[in-house]
Amino acid sequence: MKLRVLLISFLLVGALGAEDKDYAPGPDAMPKEGVPKGKVSQHKWLSDIFPGTERDYWVYVPSQYDGSKPACVMVFQDGAGFVKEKGSFRAPTVLDNLIHAGDIPVTIGIFINPGVVPPADEGQQPRKNRSFEYDTLSDQYARFLLEEILPEVGKSYKLTDNPVCRAICGNSSGGICAFTVAWERPDQFRKVVSHIGSFTNIRGGHVYPALIRKSDPKPLKVFLQDGENDLDNLHGNWPLANQQMALALKYSGYDYKFVMGTGKHSGRHGGSIFPDTLRWIWSDWQKLNP
Amino acid sequence: MKTIVPCLLLHLTLLSHAFSQDMPLSQVLIDGEGWEPVAEGFNFTDGLCTDQDGNLYFSDVKGGTAVYKVDLSGKVSEFIKDAPGISGLQWGSDGRLYACVAREKRVVVFDKNGKETELVNEVRPNDLVVTHRGDLYFTMTPTKEIRRIDSKGKMSVVSSGVVGKPNGITLSRDQGTLAVSDHGGKYVWAFRIEKDGSLAHPGNYMEMRTPVKDPEVAKGDGMATDIHGRYYVTTAEGLQMFDPTGRMGGVIATPDSESGLVSVGFAGPDHSYLHVANGGTVYRRKTKTRGALFFAKPEKNEAMPKP
């Protein structure tokens with residue numbers, strides 16, 4: 001069944017000239033009758049690790065979570081886009097369907113927007129901190145999750161502290177951010193999902209393939225998606241950078257999967273295959289102990 | 001096909017929210033327009049600034065005795081005589097010219113007739129910026145300080161120990177953010193300017209390219225801002241440009257790499273010429289953008305024209 005869906009979407013994309021807009025959410029991203037809906041709540045966070053920043057975040061709790069044991073965790077950068085009901089990803093609906101089907105574990109989703117330093121006065125613009133938080137190669141974003149967000153969400157829900165049961169996902173700069181978190185703290189996060197990841201020189205991220213090839217392999221499971229028509233700009237070439245990442249992961253023996261489509265710098269392709277991506281990244285879940 | 005159109009619209013909304021616009025050098029530089037000297041034969045030019053009409057003002061911090069002016073016809077003259085040792089200049093919204101007199105450890109202001117009034121003494125000023133509302137911020141490189149002189153002349157320390165060697169200083173176009181370059185490190189720091197003029201929330205927002213032989217020291221020096229919110233900073237590697245979200249957009253080559261690059265400012269017709277102080281010579285280069293003017297009313301960044 002899965003293969004057939006993939007085949008059909010491949011033929012469809014080919015027939016229509018492989019345009020970005022031809023990628024669309026599939027049936028697993030639509031509400032299904034008899035599938036219980038999880039609850040999504042919205043929150044605001046003032047950070048000390050990124051001083052002066054404010055941001056919104058959302059917490060998705062599946063209806064199957066009963067607090068009797070810790071839930072798996074999946075963190076999303078640019079959370080607003082992933083949590084949206086009618087976006088490219090529709091993550092809460094996908095999580096509802098896949099958890100109900102037993103394809104992935106009971107997982108609490110944490111959807112976090114990038115920070116802004118709000119203006120002090122009227123008529124002024126916020127200092128956008130997205131690039132600093134996502135594109136910088138350091139452990140600062142990992143510390144933000146581990147010291148601020150996870151403890152806060154953990155006050156209300158039992159979250160796993162098993163790194164194999166923690167996944168992190170993002171698009172573009174949010175994609176390289178996902179990798180950086182796991183690269184810096186493999187003791188805390190071991191599952192990475194990157195769509196159209198910016199493994200380019202925005203703030204030095206183009207060095208990862210070289211680092212991966214000459215480092216003792218880390219116990220990470222990495223999913224990468226990109227498109228032939230992704231960006232080629234001052235920071236680098238996204239399709240080449242993602243191929244370099246994939247081949248470096250292959251060379252160093254990582255558990256990885258790379259899906260190259262024909263899309264542009266958008267979440268459409270990543271969104272259209274997102275349910276299968278989750279099935280793959282969590283394929284070991286029956287053996288895990290959150 | 002029915003579902004595709006609304007999905008696309010939603011997706012465009014998502015994109016505009018999440019992804020910032022790319023700002024390469026090609027949006028600023030013009031093919032065939034290189035650096036040209038506008039003032040030569042000095043010792044150590046510095047302190048570039050402009051006025052409403054686009055005249056350029058500069059100092060010769062080591063050899064000179066005056067504040068010099070390059071008018072729109074290109075004529076170089078002494079604008080204020082007997083003003084040696086100046087390392088920073090900016091016009092205020094009150095029509096007066098503010099100056100860091102590094103040699104004499106003073107910050108002063110000149111009125112329209114060139115008459116000098118001392119604002120503070122016994123300080124170690126390097127460079128300064130003056131906001132529309134009349135707050136003067138200046139860097140004290142040796143003491144790791146940024147100080148403020150308010151419109152009533154009262155001085156306060158607004159940052160201490162954050163930037164290792166604070167040097168160049170500029171504002172966002174809306175004047176809500178103060179940016180300070182580190183001469184001894186590799187970051188340009190951003191601060192929020194509070195309603196009371198104090199500084200809050202420092203962030204090492206922009207990472208400058210550094211020389212291979214000295215990878216931790218960019219020698220960040222003079223700074224400027226353009227109408228789209230891009231920041232410019234002179235460094236050992238050249239004139240570096242950053243977008244408003246702190247991403248490095250490129251490095252513009254130094255006209256004379258044998259001499260230091262210490263000051264940058266927009267001036268000339270429409271304030272559309274980048275000027276740099278590069279040793280004994282001031283150079284200019286025509287651009288596709290315009291400088292932000294801080295004596296003018298603060299404004300939000302102008303959107304980039306559609307390609």
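User: Which strands form the open sheet in chain B, and in what order?
Analyst: Four strands do, in the order 10-11-12-13, with antiparallel pairing. Strands here are DSSP E runs of at least two residues, helices are H or I runs of at least four, and both are numbered from the N terminus. Two strands pair if DSSP finds at least two bridges between them. This is a predicted model: local features need pLDDT of at least 70, side-chain atom pairs count only at pLDDT 80 or more, and totals for chains, interfaces and linings use all residues. Residues are numbered from 1 along each chain as its sequence is written, while chains are lettered from A and ligands numbered from 1 in the order in which they are written.

User: Which are the edge strands of that sheet?
Analyst: Strand 10 (128-130) and strand 13 (155-160) of chain B. Each pairs on one side only.

User: And what does the twist average?
Analyst: It averages 20 degrees from one strand to the next. The axes behind that angle are lines fitted to C-alpha atoms, for helices over the stretch in contact, and angles run from 0 to 180 degrees between N-to-C directions.

User: How many bridges hold strand 10 of chain B to strand 11 of chain B?
Analyst: Three, in the antiparallel sense. Strand 11 of chain B covers residues 136-140. In that strand, B:Phe138 stands opposite B:Leu128.

User: Why is strand 11 of chain B largely enclosed by the rest of the structure?
Analyst: Because four of its five residues are buried. A residue is buried if 20 or more other C-beta atoms lie within 10 Å of its own, exposed if 12 or fewer, and partly exposed in between; C-beta atoms are placed from the backbone.

User: Is B:Ile149 buried or exposed?
Analyst: Buried, because B:Ile149 has 24 C-beta neighbours inside 10 Å. B:Ile149 lies in strand 12 (residues 145-149) of chain B.

User: Which residues does B:Ile149 touch?
Analyst: B:Val107, B:Leu119, B:Val120, B:Leu136 and B:Met155, leaving aside residues up to four places away in sequence. Contact means that the C-beta atoms, placed from the backbone, lie within 7 Å.

User: Switching to chain A. How many residues of strand 1 are buried?
Analyst: Zero, out of eight residues (39-46), so strand 1 of chain A is hardly covered.

User: How many bridges join strand 1 to strand 2 of chain A?
Analyst: Eight, and the two strands run antiparallel. Strand 2 of chain A spans residues 54-61. A:Trp58 in strand 2 stands opposite A:Gln42.

User: Now helix 5 of chain A. How far does it reach?
Analyst: Helix 5 (residues 140-154) reaches 20 Å from its first C-alpha to its last, close to the 21 Å expected. The expected span is 1.5 Å times one less than its number of residues, and helix 5 of chain A has 15 residues.

User: Where does helix 5 of chain A bend?
Analyst: At A:Leu146, by about 30 degrees. The bend is the angle between axes fitted to the seven residues ending there and the seven starting there.

User: Which residues of that helix are buried?
Analyst: A:Tyr141, A:Ala142, A:Phe144, A:Leu145 and A:Ile149. Their cover includes strand 1, strand 2, strand 3 (72-77), strand 4 (107-112), helix 4 (130-135) and helix 6 of chain A.

User: Where is A:Ser172?
Analyst: In the loop between strand 7 (166-171) and helix 6 (173-184) of chain A. Phi of A:Ser172 is near 60 degrees, a positive value in a residue other than glycine. A:Ser172 is buried, with 30 other C-beta atoms within 10 Å.

Note on methods: Two residues are in contact if their C-beta atoms, placed from the backbone, lie within 7 Å.
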